[in-house]
Amino acid sequence: MTIRIAEGGADITSDTNRIAQLYNTSFSEHILVQRRLLNDPTYLSHHFQNKDEIWVVEECGEEIRGVAALSLCLPIGLGEIERVCVSKDHRGKGISLSLCDRLVEEAKNKDLGFIEAFARGDQPAMQRTFEKLGFKVYGISPRFEVMHDGQVVREQFVHMGLLLKPDTVDEHAMHLLPAAEKIYRVIHQ
Ligand SMILES: CC(C)(COP(=O)(O)OP(=O)(O)OC[C@H]1O[C@@H](n2cnc3c(N)ncnc32)[C@H](O)[C@@H]1OP(=O)(O)O)[C@@H](O)C(=O)NCCC(=O)NCCS
């Protein structure tokens, strides 16, 4: 099993086509799959070329079994892990852990100070994966629902984060909203 950076390309055997297929079959509930974006090779190819994103895949033989992305905001040292998907046939093998671990290493190489992740409330495997990598829970959104294609979509997000450079935070210079200040004090007490 190999973890490597995803590559673009129009060929039928290219990463873009195989990853589009993976999202299609193993993350069909995602709104960006239903809107024909994450399962569109052209859309993916565009993102692979974006210098502010790092995409990795887990490959075994000819098969891509998992994918994940890190979006970067270099000027403020912030990254976000997103779009994690493991093939339905290969779940429960720790593939998401290997993918996210690699992205944490990429974030360190880019000198980031903090990595965010918004795990879905109904996805304990994702939350557990981040927890194993040292991420902490910083907040939980309320449940909300939207209508999509005539169906009710219910969501809730667990905001998790990994502090890579604690010494860079100047707490005295921060101006937090009173509600955020209260949460910050609880987390750091
Ligand atoms: C979420 C996902 C990426 C996890 O992939 P995975 O590599 O198969 O994850 P695993 O099954 O190895 O689980 C990771 C950890 O969560 C634990 N876990 C799995 N299901 C769990 C549950 N229902 N409750 C608590 N822990 C659970 C596993 O035991 C494992 O922890 P361990 O190694 O300490 O035993 C995969 O299920 C997926 O692709 N889902 C669809 C896409 C998706 O929802 N992506 C996340 C968006 S937030």
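The model is predicted: local features require pLDDT of at least 70, side-chain atom pairs count only at pLDDT 80 or more, and totals for chains, interfaces and linings use all residues. Residues are numbered from 1 along each chain as its sequence is written.

The protein has six helices and nine strands, where helices (H or I, at least four residues) and strands (E, at least two) are DSSP runs numbered from the N terminus. Along its principal axes, the C-alpha trace spans about 55 × 40 × 30 Å. Of the 189 residues, 28% count as buried. A residue is buried if 20 or more other C-beta atoms, placed from the backbone, lie within 10 Å of its own. Among contacts (C-beta atoms, placed from the backbone, within 7 Å) between residues at least 6 apart in sequence, 61% join residues at least 24 apart.

Ile 19 lies in helix 1, residues 15-26. This residue counts as buried because it has 24 C-beta neighbours inside 10 Å. Leaving aside neighbours within four places in sequence, Ile 19 is in contact with Ala 6, Leu 44, Val 57, Ile 64 and Val 67. Cys 85 is 66 residues from Ile 19 in sequence, and their C-alpha atoms are 9.5 Å apart.

In helix 5, the residues Met 126, Thr 129 and Phe 130 are buried. They cover an arc of only 95 degrees around the axis, and therefore lie on the same side of helix 5; the arc is that of the directions from the helix axis to the C-beta atoms. An α-helix has 3.6 residues a turn, so residues three or four places apart point the same way. The cover over the buried residues of helix 5 includes strand 4, helix 4, strand 5 and strand 9 (157-163). Gly 134 follows helix 5 and has a positive phi, near 100 degrees.

Helix 5 also takes part in the shell around the ligand, supplying five residues, the largest share. At least two residues each come from strand 4 (78-86), helix 4 (95-109), strand 5 (114-120) and helix 5 (124-132). In total, 19 residues surround the ligand, and the closest are Arg 91, Ser 96, Pro 124, Ala 125 and Arg 128; a residue is near a molecule if its C-beta atom, placed from the backbone, lies within 6 Å of it.

Methods
A residue is buried if 20 or more other C-beta atoms lie within 10 Å of its own, exposed if 12 or fewer, and partly exposed in between; C-beta atoms are placed from the backbone. Two residues are in contact if their C-beta atoms, placed from the backbone, lie within 7 Å.
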